[in-house]
Every structure is written in C-alpha cells, then in structure tokens.
Amino acid sequence: MEIKRTLKIINSFLLVAFVLSVSNFLQINPEITGNFYKDNEEASCTFKNGDFSNEVPVDRCCLQASQKQSCNKNNDRKVCGTETQNLSLNQKAVNYCNERGFSLE
Amino acid sequence: MKEVSALNKYIHALITVLLISSTAGLHYMSQEEVQRPQANESLPTFEGIQINQENKTVDLESMTLRQKTAFTVVSFNYEKEINKNKIVGGMHLRSAGSKREFKERIENNTEGRPIPPLISADLEGCIEPTSSFRDFKSFKQVNNSQQAYEIGKTQGEFLSDIGVDINFSPVVDLNDSIWGCRTFEGNYSEVSEKACSYIKGLDEKGIKSTAKHYPGKTLTGKDPHEEMKHVEIREKDLAAFHSAMNCSVDAVMPSHQISTGKIDTQGAPADVSNVTRNHIRENGFEGLIVSDAISMGGITHYYKKDRNRYIDLFQTNDLILNLVGGVNDTARMITTIEKAVENGNLEQRFVDDSARRVLNARGWNVKVREGNETKIYEAY
C-alpha cells in the first residue's frame, strides 16, 4: 500500500512536470509558471528632431539608439543622442531593446 | 494491508518511465538548434587562404566553409580589439564624438589584417552617427537632383576620409511618416532622380551605396514591434529601386516586412524570401543583397528557432547585419551555418556566392573554380 501511494505521488509530480513542459514547448505561459505579470505600460520611444517629434517603432528605435554614442538617464526615460536630435525611451522600451541584444550605453 | 499486485507495480513503473522519457524528449525538442559558443570557439583565422596582395586576388577554393561564412557577417565595431589573425567580415560604425575617433576605430580594426573587414555606416543625413560633431543636410531638405548629388559627394568625401567602404543609404521608400527626414520628397519619379544623383555623388568619392528598404513602405504605419508588419506593394513603390539598380547602386537592402501585391513574399518577411532574391536578381542586379539588422522583432518574431532564421537569411542575402552580441554571437552564427551546410539544410553555393560578392565589393578579385574552369570575378 505504501509503495502504491509513493508511486502515485511521484506520478502526480511527473504529470505536473509533463504538463508544464508541454505548455512550455507550445509556448503557453500560464500564470502559475510565474512568467505572467500584469503590466499595462506600453514600450514607447519618441524621436525628436528640432521641432519635429514623433512616436517611432520600438524596433527601429532600438537599432538607431544603439548606434548613438551615448544615452543619458532623464527622469524615468533614457535619452540617446544630442539635445536637438534624440531618441527618448521609457523603461519598457529600454528593456525590450536590451532583450533583443541592442545595448544602450 | 493489501499487497500491491505485480500488475499494478508494472503499470506504475511504465507510466513513470513514459513520463520521464517524454518530459526529457520535449525538453530536448524545445531547445534552440543553434550551436552554443564553446569556450575555445571564436572567429576563424586567415590560415590556409591563398591571398595575392600584389594583384589583390584571393582564391575562394582555398577557404574553408567557416572562413567563407565569416566574410559575410557584419557586426558593430567590437569593444575589444580582435586578434589580427582572425577574420572580421564587416564592421558597422557606431556613433563617435569626432572624425578622428572614427578614423582611429577603423584603423584599429583594419590595419594588419590580410583582408580588412568591409566598413559600413548609416549616414543618411538624418539620425546620423556624426550628429554630436557634424550635421549633414537631411534627404527631406533636398529640393532637386543637383542638391542630392552635392549631398552625396559631401557625405562620400567624409566617409572616404575616415575609411568607410559602403554607406547603407539612400532610403528610397516613397514616404517616411515615422522619422520625417529619411526619404526624398516628391513622387516616385522625383525620388528616383534624386536617389540616382545621390548615388552618383557617393560613387565619385569611392563610397558604395545601398538602396533600402526593398520593396518599400518600410517607414510608414504603426509600430510592428510585437507583430509582423504587412504591406501592399505597388509598381510605383518599386520604381525607385529599379531606377537605383539602373544607376549602378552597389547594394540593395530588403526589409523585414511581409509584402503582397507586386512583390508577394508569400507570407515571409522580404529579407528571408526567395521571391525577394529572385526578383532582385531577375532585374539584372549583380551587387550585394544586404539584410537589415537581424535582431529586430520584425524577423525574430517570425522564427521559433534561430537556426532557421540564420539559414533563410543566408539563402536570401549576401551580407548579414548581426549588430548584437559581439564576437561570441558572430562565432555562434558561423558555427550554425557551418553545421547547416554539413547537414544538408543549406546549400553551400549560397555561402560561396555571398563570400565571393562580399570580397568583390571589398575590392578583391576572387578566383573561383566552376566545373573544369577557373574564373576570376573582378573587384568593383
């Protein structure tokens, strides 16, 4: 009886591991895996060029910003470029760029 | 206390074995099929390559697959100096604080190498790497072809002076609603004329040009960073690219967008689509096909495995812009491509052809054996 119970417990753990592995393989990240957190902020990057200012695609922003000589912290944003021409990224955009491997120094 | 029957034990043992093996199997399958960098893995050396420095000729047959692949990858200028015996295919310039700094950086990476890397830059007159010490007129400010020619010459002179080989410019998309400064103003005919004049200006100073981002409509629309971007291409979107090819542009850069209409990439991003390569080559273009930065979400979201992304990129492009990760990442990509060819997942002719074109663009004549004949492809 004891052996049967032990095997049942082991099998239950294995079953859970199996389900998690399958969901990981299928790239389903349920809340219980710890990969999910609520974050309503959007990645944002603003390009300023003299009087011109526009929200630009974060992907292209990463590439352009990573080519800049330096980036400075300005309040909660990172600003890359000069005073007259720069890219201003919020923290989520900075994280996105770093995840993709674009280092913003 | 009842005894566990032999059958029950057998069933439990079977389930346990099945679960362990399937879990392990799934874990293995979910791993990236990309070679992980080993401690001793790095860029290949020049060893064994037959190089004639006098007539600037290199024998493609004397190169290993790994060496050929290395010549086709462009990275950012590396933070640390790379051993002079290692092959650095290409180096893309980050911003610098002065002209002198640019020159020093380039010299540090080129001098002493039997075949120096191809040096590239993004000098478009807008968001340029020189912005902290020098501004150039943006394309938006160019009113006519003469001005486009002049800005081409001015930029060409600067780039030539610091040691750049190829400029990833001009953008010949018809509109730029994102940056507002990267495209020429006017209809497709005016954009084509200005682009040709600009290319001529660069060429006069010995700088190679790149028409981007094929097949157009890259700098419009909403932010696609979390999903693939789809565009419909019209004949007039292609006009400036065809015009640039007729004006002897040296390279064409396809975009990460999925296109329909006149260029139907069949659901794949343009820079990993055979349709793109075939269309560009069918137009008689024999120059370089250069990928856009390959870490952008526009292409990474399309693939689950890096290996497949690399293979498709090598099937479509001659020069691969791997602008993240440094030496280790480049070495890893080279190893992945090497394995893909060895395993029959990528035809070697793609690597051979790309290496030959890149070396030609870098100013080297390339000796190639085709059947029983030996042919020399001349530098340009």
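Me: At roughly what angle do the axes of helix α9 and α10 of chain B cross, and within what distance do they come?

Reply: Two packed helices are described by the angle between their axes and by the distance between those axes. In this structure, which is a predicted model, the axes of α9(B), residues 306–316, and α10(B) come within 10 Å and cross at roughly 75°. Since angles from 65 to 115 degrees count as roughly perpendicular, α9(B) and α10(B) are therefore described as roughly perpendicular to each other.

Me: Which residues of α9(B) meet which residues of α10(B)?

Reply: From α9(B) the residues are B:Asp306, B:Arg307, B:Tyr310, B:Ile311 and B:Phe314, and they meet B:Asp329, B:Arg332, B:Met333, B:Thr336, B:Ile337 and B:Ala340 in α10(B). Helix α9(B) is mostly covered, with nine of its 11 residues buried; among them are B:Tyr310, B:Ile311, B:Leu313 and B:Phe314, and also B:Asp306, B:Arg307 and B:Arg309.

Me: Which residue forms a salt bridge with B:Arg332, and how far apart are the closest N and O atoms?

Reply: Side chains of opposite charge can pair when their charged atoms come close. Here the partner of B:Arg332 is B:Asp329, with the closest N and O atoms 3.2 Å apart. An α-helix has 3.6 residues a turn, so residues three or four places apart point the same way. B:Arg332 and B:Asp329 are three residues apart in helix α10(B), residues 326–342, and are thus separated by about one helical turn. B:Arg332 is buried at a relative accessible area of 10%, and B:Asp329 is buried as well, at 15%.

Me: Is B:Arg100, whose side chain meets that of B:Glu104 in a salt bridge, buried or exposed?

Reply: B:Arg100 is exposed, with a relative accessible area of 62%, while B:Glu104, at 39%, counts as partly exposed. Their salt bridge has an N to O distance of 3.4 Å, and the two residues, four apart in helix α3(B), residues 99–110, are separated by about one helical turn.

Me: Where in chain B do B:Lys212 and B:Asp122 lie, and how many residues apart are they?

Reply: The side chains of B:Lys212 and B:Asp122 meet in a salt bridge with an N to O distance of 3.1 Å. This pair links distant parts of the chain, as B:Lys212 lies in strand β7(B), residues 210–214, and B:Asp122 in the loop between β5 (118–121) and α4 (145–162) of chain B, 90 residues apart. B:Lys212 counts as buried at 3% relative accessibility, and B:Asp122 counts as buried at 9%.

Me: Which residues are linked in a network of salt bridges, and how many salt bridges are there over all chains?

Reply: The network links B:Arg277, B:Arg281, B:Arg356 and B:Arg357 with B:Glu286, B:Asp318 and B:Asp353, and the count over all chains comes to 26 salt bridges.

Me: Which backbone oxygen lies 2.9 Å from a polar atom of the side chain of B:Arg113?

Reply: That oxygen belongs to B:Lys86. B:Arg113 itself is placed in the loop between α3 and β5 of chain B, and it is buried, with a relative accessible area of 5%. Leaving aside neighbours within four places in sequence, B:Arg113 is in contact with B:Phe46, B:Ile82, B:Asn83, B:Lys84, B:Lys86 and B:Val88.

Me: Turning to chain A, in what order do its elements run from the N terminus?

Reply: Chain A has three helices and five strands, and from the N terminus on its elements run α-β-β-α-β-β-β-α. Of its 105 residues, 36% count as buried, and chain A exposes about 6400 Å², of which carbon and sulfur atoms supply 53%. Among the contacts in chain A with a separation of 6 or more, residues 24 or more positions apart account for 49%.

Notes:
Residues numbered from 1 in each chain as written. Chains lettered and ligands numbered in written order. Predicted model: local features only at pLDDT ≥ 70, side-chain atom pairs only at ≥ 80, totals over all residues. Heavy atoms only, no water. Buried < 20%, exposed > 50% of the residue type's maximum accessible area, 1.4 Å probe, protein only. Contact = heavy atoms within 4.5 Å. Areas by Shrake-Rupley, 256 points an atom, 1.4 Å probe, with all protein chains shown as cover. Salt bridge = Lys/Arg side-chain N within 4 Å of Asp/Glu carboxyl O. Polar contact = N/O pair within 3.5 Å; in protein donor to acceptor, adjacent residues only side chain to side chain. Axes fitted to C-alpha atoms, helices over the stretch in contact; angles between N-to-C directions. Parallel < 35°, antiparallel > 145°, perpendicular 65-115°, else oblique.
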